[in-house]
Amino acid sequence: MNGTEKPPGADTLNAAVLRFAAGESCDAYRTFGSHPLGDGRWRFTVWAPRAAAVALTGDFSAWEPIPMTRLPSGAWTVETAGVTRGQIYKYAITGADGQTVEKSDPFAAHWETPPANGSRVWDIDGYVWGDAAFRARHSGGNHATEPISIYEVHLGSWRAAAPEARFPNYCETAAALAEYCRDMGYAHVELLPVTEYPYEPSWGYQVTGYFAPTSRYGTPQDFMYFVDTLHRAGIGVLLDWVPAHFPRDAHGLARFDGTPVYERDDPKMAAHPDWGTLIFDYEKPVVRSFLKSSAALFLDRYHIDGLRVDAVSSMLYLGFGRGDDFTRNRFGGDIDLGAVSLLQEINALAASRGAMMVAEESSAYPRVTGSASEGGLGFTFKWDMGFMHDTLDYMSLDPLWRRGSHQKLTFSMLYAFSERFILAFSHDEVVHGKRSMLDKMPGEYDQKFANLRVLYGYIFAHPGKKLTFMGSDFGQFIEWDYQKPLDWFLLDYPRHAEMQRWVRALNHFYTETPAFWELDCGWDGFDWLNVDDADRSSIAFLRRDRAGRQFVCACNFTPCAWQLQVALPGAGTLHRSLCSDEARFGGADAPDPGPIAAEPVPFRGQSHSALLALPPLSCTYYRFDPKEEHHEAESGTAAAPVSERT
């Protein structure tokens with residue numbers, strides 16, 4: 001929205017707070033926080049229903065407390081003059097426990113840069129957006145039938161900051177990131193959390209400011225410019241969002257008014273057993289309003305195109321990380337019913353805006369992407385964690401031993417259409433001793449690159465949307481370190497530049513080939529052509545689009561050249577479209593065989609088949625043209641038959 005929005009008047013403020021307290025608010029950021037009234041006057045409102053007293057304190061009062069008035073609804077408010085945008089403030093809350101603690105504003109639009117933790121007087125109005133055309137083009141929200149290749153980014157370590165700066169700025173990063181994604185063919189950027197957080201090594205996953213882009217990289221308006229710039233370049237922006245837990249920091253949400261306002265009241269269930277953080281109580285109406293409003297803020301005011309919800313399994317299961325020692329729901333079960341209904345509400349809110357909602361959900365919880373009316377959670381997509389683990393386990397094996405684990409390549413198709421999936425190879429897979437994507441691959445130097453090329457080729461042809469973490473696209477050798485920029489100098493070395501060229505080619509081929517994404521959610525878009533050739537560690541499958549155009553993906557996961565028989569749906573010819581073994585991608589440059597005829601040799605229930613010559617450690621895409629061999633025969637250029645090619 002352009003221009004300025006006024007906060008609720010005094011006569012409606014209490015009514016807005018009551019909506020928040022009832023769990024009915026999706027725009028609580030308009031009520032709480034700091035809001036300009038004009039002539040240097042600002043209103044501050046905070047929710048602390050059980051507090052004995054609340055005072056505003058900040059730069060503008062030389063940190064002397066300004067008493068706030070308690071509304072009948074349980075909020076506290078004050079209007080004060082002489083306030084300047086950017087000044088620091090906190091609330092001195094005397095809790096129900098008799099202790100006075102200085103708290104940052106949970107609804108602050110802007111914060112001090114950590115390790116400082118004060119709130120800044122700020123409003124988010126006035127930015128003039130230029131992304132109307134992008135938003136109009138992407139307002140339909142039919143994401144399942146779109147080509148989606150996501151570039152996951154940690155803003156602090158993508159590129160180095162300016163020499164005099166501690167962190168890169170949103171504005172400085174925007175144009176370079178937009179250009180890189182457009183050149184590489186990515187449809188979306190997904191940002192590791194940029195909601196304000198105090199602890200740097202958490203990478204943003206321990207949030208204290210659910211209504212503020214982190215000040216590490218600039219102001220709220222700088223972040224708007226960042227999103228706007230990517231939109232103008234045709235790139236969508238997704239945001240990692242963390243409604244599962246929050247840190248215990250004294251200035252944050254923990255025991256906000258001396259009692260558990262946002263966390264669970266049950267001491268046994270209040271803290272996360274693995275992470276030491278506090279867990280939201282999703283049954284509490286104020287928590288529901290708080291989290292719905294946070295999501296709506298970023299979708300509405302910051303024009304974010306979707307949210308990837310972190311740690312959904314920990315939200316769904318009351319016993320997550322607790323074994324059998326947990327408090328069950330009212331039916332005696334393990335499911336957090338409040339979390340289920342809240343996720344359904346937030347997903348419905350996002351769907352009404354055409355936004356994408358992605359679940360990082362690692363269990364077998366049913367219908368994560370199913371509709372709420374059918375008992376599902378209503379997410380647009382779910383990360384396919386099983387596919388990620390299986391393929392990385394398989395690829396880490398010496399090719400000699402892959403034949404014994406062939407099912408790890410093929411098992412994903414037994415459940416591929418049970419949900420709408422994103423095939424995500426994220427930041428979590430390249431830290432904490434797991435090694436980089438390239439270094440996971442076995443073999444000597446060149447074989448590592450060849451292995452990674454065939455893996456990426458397989459991923460881009462497999463049903464499901466795609467996600468690649470920054471640096472993995474050019475073969476970063478060392479693990480990701482959030483404190484250091486990526487090793488861009490590696491692009492001076494041929495193999496890394498060739499790897500980047502391969503990923504660029506895959507992205508563009510994927511986007512331009514509807515057969516690889518238009519029918520992602522059912523068997524009408526996929527057929528196995530050779531699924532069980534474990535001895536050769538090779539597979540082949542077919543993808544098709546609504547218009548009937550068909551492409552074949554054939555992969556060889558060994559360093560040996562093979563001839564692989566593949567089933568085909570009728571007479572026609574195969575034409576090589578893209579191959580990881582091409583010299584420009586770092587391969588040995590196996591020659592293009594030219595048109596390959598499908599012959600009337602039945603195989604795997606199909607009437608025709610062909611033999612494909614697979615280069616070592618390669619992925620090859622072929623266009624299949626039905627009945628084309630008749631036209632070729634008439635022109636005197638018939639493809640060589642199977643018998644001659646064997």
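Modeller: Contact here means heavy atoms within 4.5 Å. By the way, this is a predicted model, where local features need pLDDT of at least 70 and side-chain atom pairs count only at pLDDT 80 or more, while totals for chains, interfaces and linings use all residues. Residues are numbered from 1 along each chain as its sequence is written, and side-chain values use heavy atoms, with hydrogens and water left out.

Biologist: OK, which residues does serine 34 touch, not counting those up to four places away in sequence?

Modeller: Serine 34 sits in strand E1, residues 33-38 (a DSSP run of E, at least two residues; helices are H or I runs of at least four, and both are numbered from the N terminus). Skipping residues up to four places away in sequence, its contacts are Trp42, Arg43, Phe44, Tyr89, Asp105, Arg120, Val121 and Trp122.

Biologist: And is leucine 506 buried or exposed?

Modeller: Leucine 506 belongs to helix H13, residues 494-512. Beyond its neighbours within four places, it contacts Tyr456, Gly457, Phe460, Leu578 and Tyr621. Buried means under 20% relative accessible area, exposed over 50%, partly exposed in between (1.4 Å probe, protein chains only). Leucine 506 has 1%, so it's buried.

Biologist: How far apart in space are leucine 506 and phenylalanine 460, C-alpha to C-alpha?

Modeller: In sequence, the two are 46 residues apart. In space, C-alpha to C-alpha, the value is 6.9 Å.

Biologist: What about serine 34, buried or exposed?

Modeller: Its strand, E1, covers residues 33-38. The relative accessible area of serine 34 is 5%, so this residue is buried.
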